[in-house]
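This briefing concerns confidence and charge pairing in the model shown below.

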Amino acid sequence: MFDNITDKIRLLFRKDKEPYLCFYRMLGFYPRNIDIYQQALLHKSSSVKEKGHLLNNERLEFLGDAILDAIVADIVYKKFEGKREGFLTNTRSKIVQRETLNRVAVEIGLDKLIKYTTRQSSHNSYMCGNAFEALIGAIYLDRGYRACKKFMEERIIGKYLNLEKISRKEVNFKSKLIEWSQKNKFEVEFQIAGQTVDESQNPIFETVVMVENVAGGRGKGYSKKESQQEAAHQTMGMIKNDPKFIDAIFAAKASREQAENPAATGTSDAIQPVEPQGVTLTAVAVEEEIPTEKYDDIERIINEAEEAAFMTTEQTDKISEETTKV
């Protein structure tokens, strides 16, 4: 309270009052270092060069992601006393998922403040959630962990999120992973990796997800379904956060597609498609296109993985209905 009074007095002597007032209405306190908050709203498509480096919100997003995980874990742990680790982990995941963060960002008006180029407008579905994480990173650097936690409890969870309702929301990770794989043309298989028993001789199943024959996440459970859900959940996390795994599945996919379409390598006698004059499709050209395609699509693939993983049941049913009509 006293900090806000002091900051308000200082604000009286500033010429650029509007940005401070804007953030005050959103956060409930005045920024001390407003530059950090403005950077949190700077999408990489509108990066500015400063001291030889490109300045945008990606580093703050990285920091905010970790801080947000810790804060939500703290809140969920104290809210649901006696609940098992799996329940707490799933509840936290539902709160920090892109769908939730995107909605919250729009609710507090963050979407109207993000700076990005026009060509990036189609990516707004995840841009807002990323900016929200960057905002959390900015609050942490400017005010510390307690201010972040207070902001989440009073300004976000208290107003926009019903923890009881969110904790009961079921997410079918297996279904979402398969949906994502079909959309992006990746082959996915669930394999039973082993079976053991617990102290009471109850069977425990272990499942591993294979994406293009590359081992992904593993999961254990008292049923095959439970182990598959956990394995799918871990795999979605790897698609988002594990560069080596992403590189491996892209390389495996490229190899499979070349094997399935030998005409692209120039070794088949099959009738070749007519190419525009002056353009020759060679094996070298195809090989050169693969990494370019991979790196161009990497952000889309990762964010689609997140969106698919946490799509609501209603959205899934709608997609299924549209597919059936087609």
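Predicted model: local features only at pLDDT ≥ 70, side-chain atom pairs only at ≥ 80, totals over all residues.

A salt bridge is a side-chain nitrogen of Lys or Arg within 4 Å of a carboxyl oxygen of Asp or Glu. By this criterion the structure holds 10 salt bridges. Residues are numbered from 1 along each chain as its sequence is written, and side-chain values use heavy atoms, with hydrogens and water left out.

**Confidence**
- The chain has a mean pLDDT of 79, and 72% of its residues reach 70 or more.
- Confidence is highest in helix 4 (residues 58-79), at a mean of 96, and lowest in helix 14 (residues 313-325), at 46; helices are DSSP runs (H or I, at least four residues) and strands likewise (E, at least two), numbered from the N terminus.

**Salt bridges**
- Aspartate 74 pairs with lysine 78, with the closest N and O atoms 3.1 Å apart; the two lie four residues apart in helix 4, therefore about one helical turn.
- Arginine 256 bridges to glutamate 187 at 3.8 Å between the closest N and O atoms. This pair links distant parts of the chain, 69 residues apart: arginine 256 is in helix 12 (residues 243-260), and glutamate 187 is in the loop between helix 10 (173-184) and strand 3 (188-197).
- Glutamate 260 also bridges to arginine 256, at 3.3 Å between the closest N and O atoms. Salt bridges that share partners join Glu187, Glu212, Arg256 and Glu260 into one network.

**Accessibility in the network**
- Arginine 256 is buried at 18% relative accessibility, whereas glutamate 260 is exposed at 52% (buried is under 20% relative accessible area, exposed over 50%, partly exposed in between; 1.4 Å probe, protein chains only).
- Glutamate 187 is partly exposed, at 43%.

How values were computed:
pLDDT = per-residue confidence, 0-100.
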